Amino acid sequence: MFNDSPSSAPAHLPRLAGRAYHCQCGCPVFFRNSTCLACGTALGYDPAQASLLPLMPGEQPDTWVAWQSEGGRAPGPDGAAQPDTAAVYLRCANLHTPAACNWLVPVSHDQPQLLLCQACRLNRTIPDLNDPAHPDNGELWGNIELSKRRLVSALLVLGLPVASRASEDSEHGLMFDFLRSPDFGPHIMTGHDTGLITLNLNEADDATREATRKAMHEPYRTLLGHFRHEVGHYYWDRLVAGTSWQQDFRALFGDESQDYLASLQANYEQGPRPDWALHYVSAYASVHPWEDWAECWAHYLHMRDTVDTALSFGLSAESAQLEFTPFTLDALYQPDHPGAQVFLDFLNQWTRLTTLLNEMSRAMGQPDFYPFVLPREVVAKLHFIHLVVTSVRDGAGDGQGQDQGQQQSRP
């Protein structure tokens with residue numbers, strides 16, 4: 001079940017960048033670390049390399065370079081020596097804030113120097129860190145930023161467009177408002193509106209979020225799940241709306257031109273359709289085609305990041321004794337696509353892995369790791385999303401979608 005190295009994982013499984021990193025001292029370090037706890041070496045995440053790098057001071061004050069051994073080579077993610085690199089970095093200006101951002105900012109010689117990293121530049125509004133009535137604002141913001149960095153790192157590795165609407169791409173960019181509901185005022189709704197994602201700060205409080213999850217009868221509710229869902233709305237605007245994908249989207253997900261607010265109201269008053277589990281990945285996905293897309297998009301990101309993390313640590317369920325009926329090609333959106341078998345193998349690996357991890361969670365008395373079942377219709381939707389995503393990276397996408405000017409909120 002456990003392999004000696006990620007390289008022994010099945011070759012058919014798609015790989016991203018992995019999540020297993022090592023310090024220059026050889027000890028394992030993790031995505032959120034800014035310092036190696038074993039030897040004290042500074043660490044920084046370089047989104048261009050999708051890697052957590054051990055650092056040493058650069059020639060100029062407050063600059064950093066990747067750690068160089070006496071032989072002039074820096075260790076890579078697996079601890080092996082890598083070729084010399086001339087990249088010079090600053091630490092993100094949010095390193096010493098409650099965000100505790102460990103990302104790196106390349107030093108630029110031909111344009112104004114940026115002080116915030118690629119993830120932090122996406123923020124438009126952050127909580128008031130000096131609010132005496134809410135001294136936990138900093139802690140909650142830190143929880144949010146950690147989840148957001150995990151999201152952004154995966155989006156970049158997938159080759160998806162990620163630019164700040166506030167400072168880099170005012171027409172098609174992405175930005176975040178992290179707002180706290182007033183103590184005696186209206187509730188802040190988490191949602192998406194033409195590139196602006198609003199997240200209620202209270203969602204970063206574990207007790208509050210768990211109470212909401214139970215009240216909403218949801219099997220799963222996390223900060224990372226919120227980010228993945230809401231960013232799905234953004235990428236529908238960018239990648240599907242107004243493109244050749246839209247016709248097939250409607251065949252799979254439904255006609256998104258149906259009244260969104262009326263669909264929400266009907267769901268609140270009547271609940272989800274009784275047969276939702278046969279057609280959708282979640283009850284909320286049955287509300288409207290936009291929500292079906294966003295829920296499936298979130299699950300696609302769950303799958304890609306989790307499988308890649310497992311493989312990077314050498315974990316495979318291939319040899320586990322599991323009761324498992326694999327999906328077949330006829331369940332996919334395009335079973336004749338040249339890459340259909342690759343996606344199918346990935347999907348079946350995901351199902352094996354989550355079956356195993358669910359049993360591991362139960363052994364600890366915890367809720368299921370992945371408390372969902374994938375109906376065949378959802379498998380086709382996931383394959384559709386996979387082809388949309390890979391078309392962007394392969395340069396075969398339809399370019400910019402049309403902003404729809406619609407609020408898409410998840411209560």
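Reader: What joins strand S10 (residues 123–125) to S11, and how do the two run?

Author: Two bridges join S10 to S11, and the strands run parallel. Two strands pair if DSSP finds at least two bridges between them, so S10 and S11 count as a pair. Within this pair, Thr125 stands opposite Asp177 of S11. Strands (E, at least two residues) and helices (H or I, at least four) are DSSP runs numbered from the N terminus. The model is predicted: local features need pLDDT of at least 70 and side-chain atom pairs 80 or more, while totals for chains, interfaces and linings use all residues. Residues are numbered from 1 along each chain as its sequence is written, and side-chain values use heavy atoms, without hydrogens and water.

Reader: Which hand does the crossover from S10 to S11 have?

Author: From S10 the chain passes through helix H1 (residues 137–157) to S11, and this β-α-β crossover is left-handed.

Reader: What makes S11 mostly covered?

Author: Four of the five residues in S11 (residues 175–179) are buried, that is, under 20% relative accessible area with a 1.4 Å probe and protein chains only; over 50% is exposed, and in between is partly exposed. S11 is also joined by five bridges to strand S13 (residues 196–200), again in parallel, with Phe176 opposite Ile197.

Reader: What makes the phi of Ala50 worth a remark?

Author: Most residues other than glycine have a negative phi. Ala50 is not a glycine, yet its phi is positive, about 50 degrees. Ala50 is found in the loop between strand S3 (43–46) and strand S4 (51–57). Asp62, in the loop between S4 and strand S5 (64–66), also has a positive phi, of about 65 degrees.

Reader: Are Ala50 and Asp62 buried or exposed?

Author: Ala50 has a relative accessible area of 10%, so this residue is buried. Asp62 stands at 64% and therefore counts as exposed.

Conventions: A crossover is right-handed if, with the strands pointing away from the viewer, the path from the first strand over the helix to the second runs clockwise.
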